[in-house]
Amino acid sequence: MKNYVQDGSTIPVTNAGTEVITSGSPVALGDLVAIAITDIQPGETGDGMTRGVVTLSKLPADNIAQGKTVYLKDGKIQLASADATQAGKAWEGAAANSTSVLVRLNG
């Protein structure tokens, strides 16, 4: 097929900030969440993963049920959508007071 570009599991992520985006960090790109595959230095571009299940930091106050839609805000997964980017679905439940949750990205 002549118009095939890629399978869509990665996307270029440009670090427009002043801090390194560390490998494994979630990055909101418009309405899409990507996970930095490697460290991305300020002013540089690296790859971000857009598919799969990853462990991400969450707000400890949220009790997230399996299958719930979750959102990324300030580097943490949460249930509230206000001023946040939809990250995907909780792959398994994560009780209040837990600090991480499994998320199926962009699903």
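These legends describe close-up views of a predicted model. Local features need pLDDT of at least 70, side-chain atom pairs count only at pLDDT 80 or more, and totals for chains, interfaces and linings use all residues. Residues are numbered from 1 along each chain as its sequence is written, and side-chain values use heavy atoms, with hydrogens and water left out.

**View 1. An open sheet of four strands.** The strand order is E1-E4-E3-E2, with antiparallel pairing. Strands are DSSP runs (E, at least two residues), numbered from the N terminus; two of them pair if DSSP finds at least two bridges between them. E1 (10–14) and E2 (26–29) each have a single partner strand, so one side of each is left without a neighbour in the sheet. On average, neighbouring strands are turned by 50° against each other, direction ignored. The axes behind this angle are lines fitted to C-alpha atoms, and angles run from 0 to 180 degrees between N-to-C directions.

View 2. E1 is joined to E4 (residues 45–49) by five bridges, and the two run antiparallel. Opposite Pro 12 stands Asp 47 of E4.

**View 3. The E2–E3 hairpin.** Four bridges connect E2 with E3 (residues 32–36), again antiparallel. Ala 28 faces Val 33 of E3 across the pair. Two residues lie between the strands of this hairpin. In the turn, Gly 30 has a positive phi of about 65°.

**View 4. Lys 58, a buried lysine.** Lys 58 sits in the loop between E5 (53–57) and E6 (69–73). The residue is buried yet has no salt bridge. Buried means under 20% relative accessible area, exposed over 50%, and partly exposed in between (1.4 Å probe, protein chains only). A salt bridge needs a side-chain nitrogen of Lys or Arg within 4 Å of a carboxyl oxygen of Asp or Glu. For Lys 58, the nearest side chain of opposite charge is Asp 62, 6.3 Å away. Backbone oxygens are within reach of the Lys 58 side chain: that of Asp 62 at 2.7 Å and that of Ala 95 at 3.4 Å.

**View 5. Surroundings of Lys 58.** Not counting residues up to four places away in sequence, Lys 58 touches Ile 64, Lys 76, Ile 77, Ala 94, Ala 95, Ala 96, Ser 98, Thr 99, Ser 100 and Val 101. Contact here means heavy atoms within 4.5 Å.

**View 6. Ala 82 in a loop.** Ala 82 lies between E7 (76–78) and E8 (85–90). Its relative accessible area is 49%, so Ala 82 is partly exposed. The C-alpha atoms of Ala 82 and Tyr 71 are 8.9 Å apart, with the two residues eleven apart along the chain.

Definitions and conventions
Lys, Arg positive; Asp, Glu negative; His and termini not counted. Polar contact = N/O pair within 3.5 Å; in protein donor to acceptor, adjacent residues only side chain to side chain.
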